[in-house]
Amino acid sequence: LAQMFRNFNSTDYFNGSPKEQLACLNRAVEYVQLTEDLETRFMAAVKRMKQGSIYAVPAMETVAKWAEENRLHMVHLFTVNDLNHLYRGGRISRTTAVVGSMLNIKPVLHVDNDGKLTAIGKVRGRKKSLQELVKLMDEKIGSYPANIFISHGDCEEDANYVAEKVKEKYQINTIIMNQVGATIGAHSGPGTMALFFVGDER
């Protein structure tokens, strides 16, 4: 956790007033949600901590070691419902956004080993894009236990659809569902759907 929060200023939490401490905790939550990679690693670390003593140094070292060893096994799959947000964020050209919207093209993206968001496919139609996320999960999860994170941009019905499709395929241990943070949402827009899990490969 110290490695994950190395760039976060926690001075107010340790030295500030109760109000400043609360504000610092709120900033910490936003910090964890800056990238889905960080959020997924953080939740995995918290789960590992709960399995042991959170006060024991060996347990903390075990969590840090596990997080570092498995960081390239954190799989992040995304799709968006509106290409114009990707255009405004500079990720696609205006022509691509216009033509893609006319043809109802939905991109499928992931975070690569360098931490960059890249396209790995495209389909026509919203429902197919959601199904493609589950299909890719089936290809990438391998032998890892199915502990699933789903984040959505104000499209809970679609998130529940993805969750049900995942449950049909796997004996689920955990599904954690929430909305994307403000930073991600500003770039991807309403209708963003993201599926996270630990797998054999990104």
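Modeller: A nonpolar core here is a set of buried Ala, Val, Leu, Ile, Met, Phe, Trp, Tyr and Cys residues joined through side-chain atoms within 4.5 Å; buried means under 20% relative accessible area, exposed over 50%, and partly exposed in between (1.4 Å probe, protein chains only). The model is predicted, so local features need pLDDT of at least 70 and side-chain atom pairs pLDDT 80 or more, while totals for chains, interfaces and linings use all residues. Residues are numbered from 1 along each chain as its sequence is written, and side-chain values use heavy atoms, without hydrogens and water.

Colleague: Which residues have the most contacts inside the largest nonpolar core?

Modeller: They are Met 137, Ile 150, Val 162, Val 166, Met 193, Leu 195 and Phe 197, in a core of 20 residues. A contact means heavy atoms within 4.5 Å.

Colleague: Which elements give two or more residues to this core?

Modeller: Those elements are β1, α7 (126-140), β4, α8 and β6. Helix α7 gives the most, with five residues. Helices (H or I, at least four residues) and strands (E, at least two) are DSSP runs, numbered from the N terminus.

Colleague: And what does Val 166 touch?

Modeller: Leaving aside residues up to four places away in sequence, Val 166 touches Val 134, Met 137, Ile 148, Ile 172 and Leu 195.

Colleague: Which residues are in the other core?

Modeller: That core lies apart from the largest one and has six residues, among them Leu 109, Val 111, Phe 149 and Phe 196.

Colleague: Turning to aromatics, how many aromatic pairs does the structure hold?

Modeller: The structure holds one. Rings of Phe, Tyr and Trp (its six-membered ring) pair if their centres lie within 6.5 Å; planes under 30 degrees apart are stacked, over 60 edge-to-face, and the rest tilted.

Colleague: Where in the chain are Phe 78 and Phe 196?

Modeller: Phe 78 belongs to strand β1 (residues 74-79) and Phe 196 to strand β6 (residues 193-198), so the pair links distant parts of the chain, 118 residues apart.

Colleague: Is Phe 78 buried or exposed?

Modeller: Phe 78 counts as buried because its relative accessibility is 9%. Phe 196 also counts as buried, at 1%. The C-alpha atoms of Phe 78 and Leu 130 are separated by 9.0 Å, although these residues are 52 apart along the chain.

Colleague: What lies over the face of Tyr 161?

Modeller: Lys 127 does, at 4.9 Å from the ring centre. The criterion is NZ of Lys or CZ of Arg within 6 Å of the ring centre and within 35 degrees of the ring normal.

Colleague: A change of topic: what is the phi of Asn 104?

Modeller: It is positive, about 60°, although Asn 104 is not a glycine. Asn 104 sits in the loop between α6 (94-102) and β2 (105-111), and counts as partly exposed at 35% relative accessibility. Asp 154, another residue other than glycine, has a positive phi near 55°.

Colleague: Where is Asp 154 found?

Modeller: Asp 154 is in the loop between β4 (147-152) and α8 (156-169). Asp 154 is exposed, with a relative accessible area of 63%.

Colleague: Finally, how many helices and strands are there in the protein?

Modeller: The protein has nine helices and six strands. Of its 202 residues, 40% count as buried.
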